[in-house]
Each structure stands twice: as structure tokens, then as C-alpha cells.
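Subject: Structure handover

Hi there,

Here is the structure I promised to pass on to you. Please open it alongside this email, and my notes follow below.

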Amino acid sequence: MIGGPASRPLIQRIKEHRYRYAPKVMRVLGAIHGFFPITAAGLALVGASWFAVLWEGMDHLDLVLLVAGLTLILITGLMVLVVVTAAIYLHLGVRGAHSRRPLSLEAETFQWTGFQTSFQPWIPWVIVEWRWLTDGRVDPDILVTLPREERSLVETIQPAHRGVYRKLVRRMTVRDLLGLACITWDVPEASDFQILPSRGRLDDLIVLSSLYRGDDLSDPRGDPHGDRVDMRQYAHGDSPRMILWKVYARSRKLMVRIPERAITARPRVCGYMVGGADTEPVSGLARVVLERNLLGEGWRFGADGTPGHTSILPEALRMVAQSGTLPEHTTPGSGLQTYIETAQKEGYGSLFLFVPSRSAAWVGRVKTALATSSLKVSLFVGSDCLVDAPAPEPRWRRWVLKKPPDRGPGAEAMAQVAAHFQHTVQEVWRVDRQAGRLFCDTSAGGQAAW
């Protein structure tokens, strides 16, 4: 009896094996479908042509349909032959292709990965293309182009977002110009690579050292405001009131007054990156801060998606990249509480906090973490365009050109984020990555805009 008690373990085992082997079966079916050289359009054309040859051409002696049907069948067969030949040639070339393992790429930038394969230009009517599969799926945010250099195809990519990927698969596609034949197969590569955020024009930014200055105390027993008896050369963003005009008249050099050196040491600075959406522009600033060593001596950095912290630059940059592709179980801002508690115990006095540019559930978690913090917090939010209402494009341009990419939130969304932290942090800085500028929100205690 099939439905009896003795058969239930067997049925259960069959179900378990079905769920266990279903992904493998799907992969095998996908591979068979990819290697099948005729597309649905090609099959439809061959079927219609064969019907025209048999039923109309031969039975009714319609020579026009007979010749047309045979011609279309021959064209389809020729396209299949050309595509199969090109696919075999490309497969043999890919096997010997050289790749320098693109361990570090940059978002929003066309760059050569070092992967190239030989392909003869004499193969006619063929289009060769491939796409990147990251973590088992086709990544639409990575644009792959294949410019030709003599008899080779050179891979050039442009990623849209930062991230860290454990596995890279190239999905090769060879098809004909008419869309009648197509062959697709995957070429895996054991490559653990990262995509760093674009700096934009932030590389040209003159960042003030006053962001992480020490105390203005000349002596702990003296006046709490240090005397401005020292001087240095003027930097963009310094107050014009501090310029020494008499020195400028004598030497033609702009010098500004600064407090004398404090006996108390400058507090150590740490940084933290809150991951998630709308963090691509501000992550470019985090990269610039780390690469220029603007956190000073004894710095440390942490980010969502990576446990712990680091004081090594390559590891910190990897954390910035990893925060763009958070694991499923990680929520933005969830690791900030533990990070701040550890930093306070180890004597850090200031925190550079890089956050998303739109308000979401992360705001509550970050405010809770900062509520009991004694660190001086500088909050950074960013965008690629601080204009909320750009000028409308002409109608013909919207029809002809594709939809422009999302430039990120504007000034209004960033102002909402600043309002949430108005009484929680000391400074809120708005970052315009494309313009290469920082704007300090004076409502949160800021005193400059540069």
C-alpha cells in the first residue's frame, strides 16, 4: 500500500532529495538551454518556413513560398553554424586568457580589468558580449564593454556602486545579428575583489585641520581660551578676521593667527561608516579621509557589515566597500553602539560618523548609540547633487535619451537628516561629491562652510 506507514519515510526521503537536488537540476537545465544554439525566434522562423515549404510550396506548387522557405531555413542554418564556430573559438581563447584578478576597482569609472581574449575579426555577423555575475546573479550595476585591440577583446567595466564580492562569474554570450542563434555559458574565476567608492571631486578638496583640532588651552591652570600668539599660512576656509594684514604687507604672504600649542594632547579620532542605501556619495568622503590620514595618529575605523575595527588602511578601505553590500542579517547602524563603547574605553575623544542621506530606521539606532556617548561627533551626509528641483529637460531629450541615473537625495532630504541630530552631535557636514564641497549645518553647531 503506497499510502501506508511503511511508505511514509520513503516519500519523505523523495521530497528531501527533490528539494536538495532542485538547484542542481535547474543549473543543468540552464546550461543545456544556454548551449542550445537556436533561439525562440529562430525556431519560429524555421517552423513557419518548413510549413511553407511542405504545405504550400510542394503541395500547391507555390514556387515563391518554396524558394523563400528554403532560403530562410538556409539562412538560419548558416547563422547557427557561424555562432557555433565563433563560440568554440571564443571558448578556446577564454581558456588561455590572462586576468590580473581585479582586486581593487573604483565605482563610476571606466577601467581595464586585465582580462582579454583573442577573437578574430573575420568571423562575420556575430556579436560577442558578456556580463558579470556577482554572488550568483547578473549584476545590472556593472557595465561591461569590450573594445577591440587588433585581434583581441579587452574587458572594460564601469561599476555603479561599491561592494565586496566573494565570487566572480562571466556569462559569455555569442549571438548573430538577426537574433536567430545564440549560445551562452559561464566562465567562473576564483577572485575575491572589491569596488571602492568614487572620490568625485573630493580629491581637490582642501580639508581643514580644525575638524580634529585639540584643546585651545596653553596651560590647564590658565585662561580656558588659549591666546592666538602663533601663526600659520592661510588655508581655504579660515576666517578673514584672523589674517595678519601687516605680515601680508611686508611679505605678500597670507598668514593667520592660531592658538599657541596646547599642553593637553589632541584627542584621538575614530571613524564609523553606517551602511545601506544612499551612502555612495558620503563613502567617497570616507575614502578620502582615510587615504589622506585625516583622522590623525592613533586612528581607528569601523563600518556596518564588518565586525570589529581596524587601524590599517587597506582593511579600512575594504570596510568602506563592504558597507555598500550589507549581508541580509545586518541592519544599518546596528554595530555603532558597541563601537562607541569600545572607543570611549580606549581614550578616543572624537568621532567622524558617515551616515545615509535619507531618514530611515537607522536614525533611531544611531541616536540611541549617541545618546550616552561622550565623544565629540561630526556627522557627514552626502549627495551627488544638492539641488532638489533640477531644470526640466526638453521633451525630445527625454524621448531620445535614456533616463538619467539617480543622483541621490538633494538638500531637502539631507536637511531632514540634519534635523534629527540637531541636539545630538556637535557638527553636521553636507557633502557634495560632484562639486567637491562641504557645507556645515550651522543649526547643529557648525561655524563654517567650505
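What follows is a walk through confidence, the two sheets and two helix pairs.

Confidence first. Please keep in mind that this is a predicted model. The protein has a mean pLDDT of 78, with 74% of its residues at 70 or more. The lowest confidence falls in helix α1 (residues 8-35), where the mean is 58, while strand β15 (residues 300-303) has the highest, at 94. Where pLDDT is low, predicted coordinates should not be read in detail.

Now the sheet of 7 strands. This sheet is open, its pairing is mixed, and its order runs β16-β15-β14-β17-β18-β19-β20. At its edges are β16 (306-310) and β20 (437-440), each of which pairs on one side only. From one strand to the next, the twist averages 20°. Helix α10 (residues 411-420) packs on this sheet and touches β18 and β19 (427-432). The direction of α10 makes about 160° with that of β19. Within the sheet, strand β17 (residues 348-354) and strand β18 (residues 376-383) run parallel and are joined by 5 bridges. If you want a place to start looking, Ser350 has Lys376 in β18 as its bridge partner.

The other sheet has 4 strands. This one is open as well, with antiparallel pairing and the order β4-β3-β9-β10. Its edges are β4 (137-138) and β10 (182-189); each has a single partner strand, so one side of each is left without a neighbour in the sheet. Going through the pairs:

- β3 and β4 are antiparallel partners over 2 bridges, and Thr134 stands opposite Arg137 in β4.
- Strand β3 (residues 126-134) is joined to β9 by 9 bridges, again antiparallel, and the bridge partner of Trp130 in β9 is Met172.
- Strand β9 (residues 168-176) pairs with β10 in the antiparallel sense over 8 bridges, with Arg175 opposite Cys182 in β10.

Which way do α7 and α8 run relative to each other, parallel or antiparallel? Helix α7 (residues 336-345) packs against helix α8 (residues 362-371) at an angle of about 20°, and their axes are 9 Å apart. That angle makes α7 roughly parallel to α8, and α7 passes α8 in a right-handed crossing. On the α7 side the contact is made by Leu336, Gln337 and Ile340, and on the α8 side by Val366, Thr368, Ala369 and Leu370. Sorted by class, the residues of this contact are 5 nonpolar, 2 polar and no charged.

The other pair is helix α5 (residues 280-291) with helix α6 (residues 313-322), which pack at an angle of about 175° with axes 10 Å apart. These two helices are therefore roughly antiparallel to each other. From α5, Ser283, Ala286, Arg287, Leu290 and Glu291 meet Leu313, Ala316, Leu317 and Val320 in α6. This contact of α5 with α6 has 6 nonpolar, 1 polar and 2 charged residues.

Over to you, and happy browsing!

Best wishes

Note on methods: Residues numbered from 1 in each chain as written. Predicted model: local features only at pLDDT ≥ 70, side-chain atom pairs only at ≥ 80, totals over all residues. Heavy atoms only, no water. pLDDT = per-residue confidence, 0-100. Pairing = 2+ DSSP bridges. Axes fitted to C-alpha atoms, helices over the stretch in contact; angles between N-to-C directions. Contact = heavy atoms within 4.5 Å. Parallel < 35°, antiparallel > 145°, perpendicular 65-115°, else oblique. Left-handed = near helix turned anticlockwise from the far one by under 90°. Nonpolar A, V, L, I, M, F, W, Y, C, P; charged D, E, K, R; others polar.
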